Each structure stands twice: as structure tokens, then as C-alpha cells.
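Reader: Hi! I'm new to reading protein structures. Could we look at one together?
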Amino acid sequence: MVKGLQGFSWTMLLLFCALQELGAWAMHTAAEGPGLGQPGDPALLAGGRVKRGWVWNQFFVVEEYTGTEPLYVGKIHSDSDEGDGSIKYTISGEGAGTIFLIDEITGDIHATERLDREQKTFYTLRAQARDRQTDQLLEPESEFIIKVQDINDSEPRFLEGPYIGSVAELSPIGTSVMQVMASDADDPTYGSSARVVYSVLEGEQHFTVDSKTGVIRTAVADLDRETQDRYEVVIRATDMAGQLGGLSGSTTVTIVVTDVNDNPPRFPQKMYQFSIVETAPVGTAIGRVKAEDSDVGENTDMMYQVKDEEGVEVFKVITDSNTQEAVITVQKPLDYESKKVHTVVVEALNKFVDPRFVDLGTFRDQTIVRVSVLDVDEPPEFRPPSNLMEVQEDAHVGSVVGVVTALDPDTANHPVRYAIDRSTDAERIFDIDANTGAIVTGKVLDRETAGWHNITVLAMEADNHSQVSRASLLIRILDVNDNPPELATPYEAAVCEDAKPGQLIQTISVVDRDEPQSGHRFYFTLAPEATNNHHFSLLDIKDNTAAVHTQRMGFNRQEQDVYLLPILVVDSGPPALSSTGTLTIRICGCDSSGAIQSCNSTAYVVSATLSPGALIALLVCVLILVVLVLLILTLKRHHKSHLTSEDDEDMRDNVIKYNDEGGGEQDTEAYDMSALRSLYDFSEIKGGDGGGGPGEGGPSGNTASELHALPQWVQSPDLDFSVFRDYICKKVEQADEDLSVPPYDSFQTYAFEGSDSPVPSLSSINTWSSGSEQDFSYLGSWGPRFRQLAALYAGRRGEEDSEES
């Protein structure tokens, strides 16, 4: 135990004297700080002596204590403590009362639990000294630290594993592979518990490790991936700087040896043999060969090529990028009869060569490929392969056009037979000799109809018609002069009556269906029958055209209005052929400017042609008009038949309705009352039948004429309405029985005008009595508008009475 220094209020005792050497540790001062108390502080005594503040050294406690008794940490003490137990010591803070306990009387501090520095390195507490009787603070509260002292109880650990590194094969010694690092949880500031060194436990023959940095390097220069492509190296990390008693940990590092192109390609065999039929088409694959390469990845990419000149002409090598194989294909047609065996030299070489390893040798290899050609029965072959023949169009039937030749390429050399594919010569214009191959004409030729013929000739073995060869043959028909020249069109020309001599009328050109090799040359002259012509002249322009001119002064169309000029045209042959064409010349009347006005007493009209679109539109319009006319006629016929059927069944009266009331009683000319007559027979009252003249006590002559025009329905005694009654009853009965349709026929009664009307109905439909039974005297009470009507009926009534008397 160490006694406190003079002038300080507290003295701390340390647990182990052996730890006094740690006095170099930093001093931790209480909250009040070192030094004297401030004036007025309660620590000041009455005599003026000043109490000094707290001064503490750090307390230390060793971790991982395994003893059975509490571990003594240290002691706090006050100079005023006389050992009579009047002072009570207490602590508070981290672990106070649980981990750390204090003796209230002596101030001894003990640790009751096992501590681990790796979990908590120090604890902060506060110390108090109180009067046991009054519980007042004798000293200000002070803070102190209990530090957990480290021991080497944690081994180094590799936290970033597992480790995987790589290094290229054939790398030089000392090539860095990767770095490993280990961690130690012990205190790196105290002793050597956290000082780690590295070493190789397994794999030291090929790799080393730096003891301080943990960098792994190659120990040899002959690492070969093809021999061993990975290594498992065990690295150990030891603390205490590798001294005896230090703890250690290890990890396994996987080191992959990467490939470099240090191995050339090698063919497993020095010779390969393949066979193929001689009829194999160009591009047919014969076989595959592959060179082996011990490398991997892109270092195994190959390129193949044919080295010998003979093989280059006949065969081709293609590299399969997926399998790295050489595909040998046919580049030129094979022929068993020409060569039965081909020898090809194929070379393989790496696509990517590492220049660092060029001194290891050439990175290529060669092999021999023998290709045997198999014989097959082949069809005949045409020789020579000329496919053009010519024949004159005037050649006689059976003339030889040419000869085709085909030979059997097989060793047996079978005889060949010939034929023409008739699908290419359906008209049988040509024939062929089956034995000799001579092509002859089968019909008369005409170059103007067909100048070229394309036929297919067949050649087959005489005893095996399945072996057939085909050859396309073009036959050109050579032209002979067998068509005379003709005028290009039926020429017509017009000339004015006042034409002058030498005036150009028409330019003539001709056409000829022949095609001479030297070109056309035509000659023009007037036909012999026109030698006495003094009206027109013909001039050969020497360019296969001719010009017609007038030869006289003026013409008279009254004497002759049309001239026919025969023209003779001759070609250049051979043989020279000719034809005669006629130029029609009309004499026309012209105006002062020379424009034609009329020919043959008819106005000269320049013909105008309608375009196809206008003609189509015109035809469409005519067609539409015809359809409309037909449609209207059909509708009229249908409507007429419909009206006829309705008229046969409609037996109702015709009622004419006038909505205009008229101009009053003075207007007697507004209506034609005869239109109100029904179809029935009404009696008419004539002026002279009443027995009185114009002046005999009755209406005047005008009134009688008006009565003559007034309609009056009078039931004839011989009228029979049973027909109408039966018809209406029949229709009503049919409508009543058929409930699915509305009653199209109905019977309406017009006899009732209304209960409030002072005037009864005037309708004659409901009148069943004769005219003599009706009384129209009530019409006089209807007012001035009906005065004329009342006068008319009153006069009618008077006449009837006189007749009865």
C-alpha cells in the first residue's frame, strides 16, 4: 500500500507492488482537477488552512482471473480517517455494486467477476467519503478509472478467408500471388500479445510468405498448369512475435495456376483416311480432324489450312469455331476415272501465340489426310458443252441443225441414246436422232414468228435410262429475205385546191419484218400504172423514206376530189422483194392561211380520240341510266298491280273535303258542286218540271238553275246494300278471329254529331228516307250565312209538293 502525498486529501493504495513500474501511465484527475480549492469552498478550515483536492492513480486489474476469492483491486483512504470507523467509503458508476465491491470502513475495492479486456477495456467509477453519523460529504466526489490489464488470451484469426489466388504458370521466382492478414484481439499497445508473424505450414516447396506483411510469393519458376493446376497452401499466423508461448491460427489458401500458351497443337495421328463418292457436290464435308492442345481457353483456338498445292485445288479446310476441328470439304468435282486417291496435307496452328514462349518451338503441327474416291454409275456427259446452234429459216424439213455428243464417263463406257424434252418443244419443231444426236428440223421455220428456240436435250445410257443428263440448247433462226416491205400505215393526205407546185403533201415510210444483217435499204418509185400522173411527184430521200409533192398549180374538187397514188417500194434483198401501197389524197377547201376547211363538201374535222378513262366513264353513265329506267318501269308496274287489287276490294264512298268556307252567301261561283256527286244515281230537279215558269209565284230562273246543280242523295228503291253488308260483316268476323294483327278494317258511324249541337247532321249517308220525307225549313234559323242554302232547299221542297199535287 502506498501512502498519499503530503498536501493531498486522499491517498490511493495499489494492489501489486510489481505494477509500480506502470507509473508512466497517464494521470487521471478528478472532476475538480488538481490544485487548491477555490476561496469560499467548504473545504476551507477556520484556521485558514486549505484542504487539497483529489489526486488518483489508475487502478489495474488483470483479466481472466480464475481464483476463487474476490480479486483485490486497490484502496481509497482519507487523512482524516483515524481508524475509528467514523468515515464511510462508497463508490458508484460502471460495475459498482456488482463487479466491484468496496469495504465501507477500510475503503478496499475487490473485483467479484471474471473480466475480459476484449469485451471492455476499462471501467469509470466515482468515489465518495461521508460522515457515518451525518452522512455529509467529507470530500468532494471524485472520478477514477479501473483499467483491465491485458494478457495473451486471444490467438490470431484470418477473418477474410477462404483465400483464393492465382498465378500464371512458368512465372519467375518471387512473383506475388496474393496477401493474407490475420487479426489479434489482444491489446496491441501492451507487450507483444498482438504482434503477429506469418509462416508456411504446407506448400513451402512452391510458395513463400512474408513474415510481416503476409504476401505470398512463388518459390519456384517451373509451375506447370498441365502438371498441376492448383495448390493448397497452409499459412500460419503466431502472436508474441513468434516467441515461445505465443498463440497461433492458420488458414488454407487455394492458389490456381492459370494457363499460358506454352503448348503447341499436336495431331493424335499422323495420317487419316476418308472416302467419298465421285458424284459428291461441291461443298460436301468429307470428314473432320482435330489437333490436341494441352492449353485451355483461347490458347487452344486453332486455325487449319491445306499445305500442298494439289490439295488446295480439290479440297478446302474450314475451322469449326465451336469444336476447334478441321472440316475437310470438296472444292472441285471429283472424278474416279481421273484420280482414285488424293493425298492432302493439313496443318494446324495456334491462333494466338505468346511471344515469350516462341523459343519453346513452333506452335503448329501437320498431318496427312488420304481421300479415296468411290466409283458410281454416272450419267453421260455432253462434250463439248457448246449450247448454241444456227439454222436458216428457209431450211427444208429434215435439214440438220447440228449434232450434240455425250459420252459415258464410267469405265464401262455404255452406249448413249438421245432425246428431246418435249416440254421445251411442244410443237415438235425439231427432232433428234436417238443414236447420233443429230438435230434436224421437224417443221417449216419462220424467224418472224420465233427467232430463237430453247430446247433441252436428254442423254441417257442405252441400258439404264435412269442415268440421264440434260443440256440446254439455244437454236437461232437466221433471217432470209422472205417478206416484202410495206407502207407503215394506210396513208391519207389532204391538199388545198389552191396548192402550188412543189408543195410537200406527205412523207412516206415503210416497215419490213425481215432483219438483214447489213440493215434495211428501201427504194421508192411510182407504180407503172401511175406513170401518166401529172398531178403529183415522188422523191426518194435515201433514208428509207420518200416525200410526195404537188406537180401542178391548183386543183378543182368539183372535177375530182380524191386521187389514189400507187407507190412501189423495193428492199435491198437478196432477193429483192417489192410491194405496192396506195396514198389517198383528198382535195379540200382552205382558208387564206392554208387551214383546211372542208373536204368533199363536208367540214374537215380533226378526229379526236377519247381516252380509255373517258370511254369507261361514259359507258358507266349509260349503264346507270338504263338501270334507273328499268327500275322505274318495274316500280310502276308493281304499283299499278297493287292499286288494281286495292280498287277491287275497296268499296267505300269517295269523300271530297273542302276546308275553305267560301266567300259567304254571295259567293256562288267558289265551288263546282257537281264534284260532290256520289257514285250513286241522284235525281236532278229541272226548272221546267215544277209546273211554273219564271214568273209563276216561285223562285226565279236563276234559282232553278242552282237547284239543278245541288247534289241530293236519294235512296233508290231498287238499291240493294246486302252485298256491302255481307262484305263488311265478313271482314269484321275475320278481324275478330285473328288476334295477332290489328284490325285493318273498321266500321265507323258518322250519324252522331254531338249532344250539344243544335243542328242535326247534314250527312246524306244516314238518310234512309226519300227526298219527299225531308224537311229543310230549319235551315232558315241558322243565320245569314246559310240563307242561300235555305232558299235553295225551300225552293226544292216547293217543287216536290207541286209535283205530288
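Reader: Are Cys 588 and Cys 599 buried or exposed?
Author: Both Cys 588 and Cys 599 are buried, where buried means under 20% relative accessible area, exposed over 50% and partly exposed in between (1.4 Å probe, protein chains only). This is a predicted model, in which local features need pLDDT of at least 70 and side-chain atom pairs count only at pLDDT 80 or more, while totals for chains, interfaces and linings use all residues. Residues are numbered from 1 along each chain as its sequence is written, and side-chain values use heavy atoms, leaving out hydrogens and water.
Reader: Thanks! How many disulfides does the structure hold?
Author: There are two disulfides, each a pair of cysteine sulfur atoms within 2.5 Å. Cys 588 and Cys 599 form a disulfide with sulfur atoms 1.6 Å apart. This pair links distant parts of the chain, with Cys 588 in strand β39 and Cys 599 in strand β40 (residues 596-599), eleven residues apart. Strands here are DSSP runs (E, at least two residues), as helices are (H or I, at least four), numbered from the N terminus.
Reader: Why is the disulfide of Cys 588 and Cys 599 right-handed?
Author: Because the torsion about its S-S bond is about 100°.
Reader: And which cysteine does Cys 496 form a disulfide with?
Author: Cys 496 bonds with Cys 590, their sulfur atoms 1.9 Å apart. The S-S torsion there is about -90°, so that disulfide is left-handed.
Reader: New topic: where is Asp 736 found?
Author: Asp 736 sits in helix α4 (residues 722-737). Asp 736 counts as exposed because its relative accessible area is 54%.
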